[in-house]
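Subject: Model for your review

Hello,

Here is the structure we talked about, with my notes below it. Please read them against the coordinates.

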Amino acid sequence: SSINITKTDMLFQNHNIWASYGHLFGLHNVNLTAGVTSELTQNNSYSMYRKNMLSDALDDIKTGDATTQTNNGGSNAVGLVSYYGRFNYDYNGIYLLELLGRRDGSSQLHPDYRWKNFGGAMTGFRLSEISFIKGLGIFEDLKLRATYGETGSVTGIGQYDYISNISTGTMVLGTDGTLHNMSYITSMTSIDRSWERVSTLNFGLDFAVLKNRLIGTFDYYIR
């Protein structure tokens, strides 16, 4: 009989600090937001094994044969930091503008390629605030909008893919057949892998009629 104990601990931390400022200048409404977020995911695993238990009725690892003991374990961590900002502007609730920017950094990438900038923008025109549309008495809300946005992805990249693995072994050197210890790189890696940039262009229409009893949205995406 034998016993094998495996344990995995995961620690996840998420921190977010942001500040916002808004002000109305007559018919001009302005809002600014800036912040930073950080995430850390850390995993630790342990395994212990013994066989030749003193009795099948005992499941404490200390009752196994110590000479058969094997231990194993490992750990990994992934970190992500993002700095972001947003600017919103509207004129009398009719003309709308939003600008977005962010800078992301991932521990999964080599320090020389770890950071990348992304941005986005949205413009809108609320037709329902125009006197002619209001006079129709049909729409509680009618808005045209266009949006362009970028996001980054490191999907498919491991925690330490930019670091080459080194293994140890022995080899014969010289003419006497003596074995010598050696180390070698098991696989070649690339340090210049970086963020994948995903861009999306969106055109949309929002509407509300029948005193907001019927609300709908139409969207067309190009990605």
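In these notes, a residue is called buried under 20% relative accessible area, exposed over 50%, and partly exposed in between. Arg 197, with a relative accessible area of 39%, is therefore partly exposed. Please keep in mind that this is a predicted model.

Overall fold

The chain has one helix and ten strands. Read from the N terminus, the order of elements is β-β-β-β-β-α-β-β-β-β-β. The radius of gyration is 30 Å, whereas a compact globule of 223 residues would have one near 17 Å. Along the principal axes, the C-alpha atoms occupy a box of roughly 95 × 55 × 30 Å. Of the 223 residues, 22% count as buried. The chain has an accessible surface of about 15,100 Å², and carbon and sulfur atoms account for 56% of that.

Salt bridges

The count of salt bridges comes to eight. Asp 141 pairs with Arg 126, with 3.3 Å between the closest N and O atoms. Asp 141 is in strand β6 (residues 139–153) and Arg 126 in strand β5 (residues 115–126), so this pair ties together parts 15 residues apart in sequence. Asp 141 is partly exposed, because its relative accessibility is 22%.

Strand β6 also supplies Lys 143, whose partner in strand β9 is Asp 206, 63 residues apart from it. The N to O distance in this salt bridge is 3.7 Å. Lys 143 counts as buried at 17% relative accessibility, and Asp 206 counts as buried at 12%. These two residues also belong to a network of salt bridges that links Lys 143, Arg 145, Asp 206 and Asp 219.

Another salt bridge joins the side chains of Glu 150 and Arg 197, at 2.9 Å from N to O. Glu 150 lies in strand β6 and Arg 197 in strand β9, so the pair ties together parts 47 residues apart in sequence.

Asp 104

Asp 104 lies in strand β4 (residues 95–106) and is buried, its relative accessible area being 6%. Its side chain makes a polar contact of 2.6 Å with that of Ser 82 and one of 3.1 Å with that of Arg 102. Setting aside neighbours within four places in sequence, the residues in contact with Asp 104 include Val 81, Arg 114, Trp 115, Phe 118 and Trp 195.

Surface patch and loops

Tyr 21, Phe 25 and Leu 32 make up a nonpolar patch on the surface, with about 310 Å² of accessible area together. Leu 32 sits in strand β2 (residues 28–51) and is partly exposed at 40% relative accessibility.

Which residues other than glycine have a positive phi? Asn 52 is one of them, with phi near 60°, and Asn 212 is another, with phi near 70°. Asn 52 is in the loop between β2 and β3 (70–91), and Asn 212 is in the loop between β9 (196–209) and β10 (214–222). Asn 52 counts as partly exposed at 45% relative accessibility, as does Asn 212 at 44%.

Regards

Note on methods
Residues numbered from 1 in each chain as written. Predicted model: local features only at pLDDT ≥ 70, side-chain atom pairs only at ≥ 80, totals over all residues. Heavy atoms only, no water. Patch = residues over 30% accessible without salt bridge, like charges linked within 9 Å, V, L, I, M, F, W, Y side chains within 5 Å. Areas by Shrake-Rupley, 256 points an atom, 1.4 Å probe, with all protein chains shown as cover. Salt bridge = Lys/Arg side-chain N within 4 Å of Asp/Glu carboxyl O. Helix = DSSP H or I, 4+ residues; strand = E, 2+ residues; numbered from the N terminus. Buried < 20%, exposed > 50% of the residue type's maximum accessible area, 1.4 Å probe, protein only. Rg over C-alpha atoms; globule rule 2.2 N^0.38 Å. Polar contact = N/O pair within 3.5 Å; in protein donor to acceptor, adjacent residues only side chain to side chain. Contact = heavy atoms within 4.5 Å.
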